[in-house]
Structures are given as structure tokens and as C-alpha cells.
Amino acid sequence: MSSNKNSVFSLKEEIQDLARSMGAADARVATKEMLEGPPSGDPTYVFPHARTVVAFAVPLGTDYIDDYLGKKTRLVFKRVLYEKYQLVGGVAGAIAGKLRQRGFRAESVAPNAVFRSNEEGSRGPSFLVPDFSHRYAAVASGLGTFGWSGNVLVE
């Protein structure tokens, strides 16, 4: 049993190292039990056999803040977001690939703009429920804490 624990710990470290080497600030793991809460925290909605999720944070930087908040331009922030979404996709794909190499079923989940259908409890366009809440996974895994407006703050 302890060798299995060691191999799981080793895999967790490998995943964290991989995410960091690709530009993530940190990565953490949450079990399905840690994600009990709102419906969007349930990974089995997206992947029925899910038992664990990997959450990671990608820093946005701060260079664009003065121009954005000063209403000089939004373009710099839009470019940063585009680049970070590309990075998130790459990191998620690499983590899923590493897990599949080790014999696990693994998939990445789109980082934004994918919602549950109305019959799953959504009340239409004014109340969109994500298929899976990356924010909730980040908090459940210990990666960060909820801040204002539901944003996740990471050290």
C-alpha cells in the first residue's frame, strides 16, 4: 500500500512540476469528495468516471492594469487573456497526456464559456451554470481562495 501512496505522490509532484515548467504558478489535486458542493463542482457531469481533478493557476501579470482601469485601452488585456487561454489549453493538454501515459483516463475541460443546458437547472441566459467550475476546483484543491466577485485569489 505504501508503494502505491508513493507512486501517487510521485505522480502528483510530476504533474505539479510539468504545470510549473509550462508557466503555471502552481497546480493542486482535488478528489471528487473534496468537490462536494454546488452542482458545477461535480466533475462527473463532464466525465462520468472522474474521481480526481487537477487545478492549476496561470498568472495574468499586472502590466496592463493601468491602461485597462484608466480606460486607455482594453486591447492589451484582451491580448493577455488570449495568450493565457492558449497557455491554459497547453498545460491542460500536457497534464492529460501525462496522466494517460501513466494509464489513467484523462481529459481537459474548456476553461470558459461552456454551460449546462436549461434542463439541468439553468434558468436561461440570465443564469448560466458552467459544465464544471474551475474556480470551485481551485478552491477545493487548496490552490486559492474566493475573493471579490467570485474570483479566485492565488498567492
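Ile65 is part of helix 2, which spans residues 65-69. Helices (H or I, at least four residues) and strands (E, at least two) are DSSP runs, numbered from the N terminus. The structure is a predicted model, in which local features need pLDDT of at least 70, side-chain atom pairs count only at pLDDT 80 or more, and totals for chains, interfaces and linings use all residues. Residues are numbered from 1 along each chain as its sequence is written, and side-chain values use heavy atoms, with hydrogens and water left out.

**Surface patch**

Ile65 has a relative accessible area of 32% and is therefore partly exposed. Buried means under 20% relative accessible area, exposed over 50%, and partly exposed in between (1.4 Å probe, protein chains only). Together with Tyr68 and Leu69, Ile65 makes a nonpolar surface patch of about 270 Å². Like charges are joined within 9 Å, and nonpolar side chains (Val, Leu, Ile, Met, Phe, Trp, Tyr) within 5 Å.

**Aromatic cluster**

Tyr68 also belongs to an aromatic cluster with Tyr64 and Phe77. The whole structure holds 2 aromatic pairs, listed below. Rings of Phe, Tyr and Trp (its six-membered ring) pair if their centres lie within 6.5 Å; planes under 30 degrees apart count as stacked, over 60 as edge-to-face and the rest as tilted.

| Pair | Centre to centre | Angle between planes | Class |
|---|---|---|---|
| Tyr64 and Phe77 | 4.8 Å | 35 degrees | tilted |
| Tyr68 and Phe77 | 4.8 Å | 50 degrees | tilted |

Tyr64 sits in the loop between strand 2 (52-57) and helix 2, and Phe77 in helix 3, so their pair ties together parts that are 13 residues apart in sequence. Phe77 is buried, with a relative accessible area of 17%, and Tyr64 is buried as well. Tyr68, at 31% relative accessibility, counts as partly exposed.

**Nonpolar cores**

A nonpolar core is a set of buried Ala, Val, Leu, Ile, Met, Phe, Trp, Tyr and Cys residues joined through side-chain atoms within 4.5 Å. The largest one has 15 residues, and those with the most contacts inside it are Ile15, Ala19, Phe56, Val91, Ile95 and Leu99. Two or more residues of this core come from each of helix 1 (2-21) and helix 3 (75-101). Helix 3 contributes the most, with 6 residues. Leaving out residues up to four places away in sequence, Ile95 touches Ile15, Leu18, Ala19, Val54 and Phe56. Another core, of 11 residues, lies apart from it and has Phe132, Tyr136, Ala140 and Leu143 among its members.

Ala94 is also in helix 3, but is partly exposed at 25% relative accessibility. Beyond its neighbours within four places in sequence, Ala94 is in contact (heavy atoms within 4.5 Å) with Leu18 and Met22. Ala94 and Leu18 are 76 residues apart in sequence, with 7.8 Å between their C-alpha atoms.

**Whole chain**

The protein chain has 4 helices and 4 strands, in the order α-β-β-α-α-α-β-β along the sequence. Of its 155 residues, 28% are buried. Among contacts between residues at least 6 apart in sequence, 58% join residues at least 24 apart. The accessible surface, from the Shrake-Rupley method with a 1.4 Å probe (for residues, only the protein chains shown count as cover), comes to about 10400 Å², of which 54% belongs to carbon and sulfur atoms.

How values were computed:
Patches are made of residues with over 30% relative accessible area and no salt bridge: like charges are joined within 9 Å, nonpolar side chains (Val, Leu, Ile, Met, Phe, Trp, Tyr) within 5 Å. A salt bridge is a side-chain nitrogen of Lys or Arg within 4 Å of a carboxyl oxygen of Asp or Glu.
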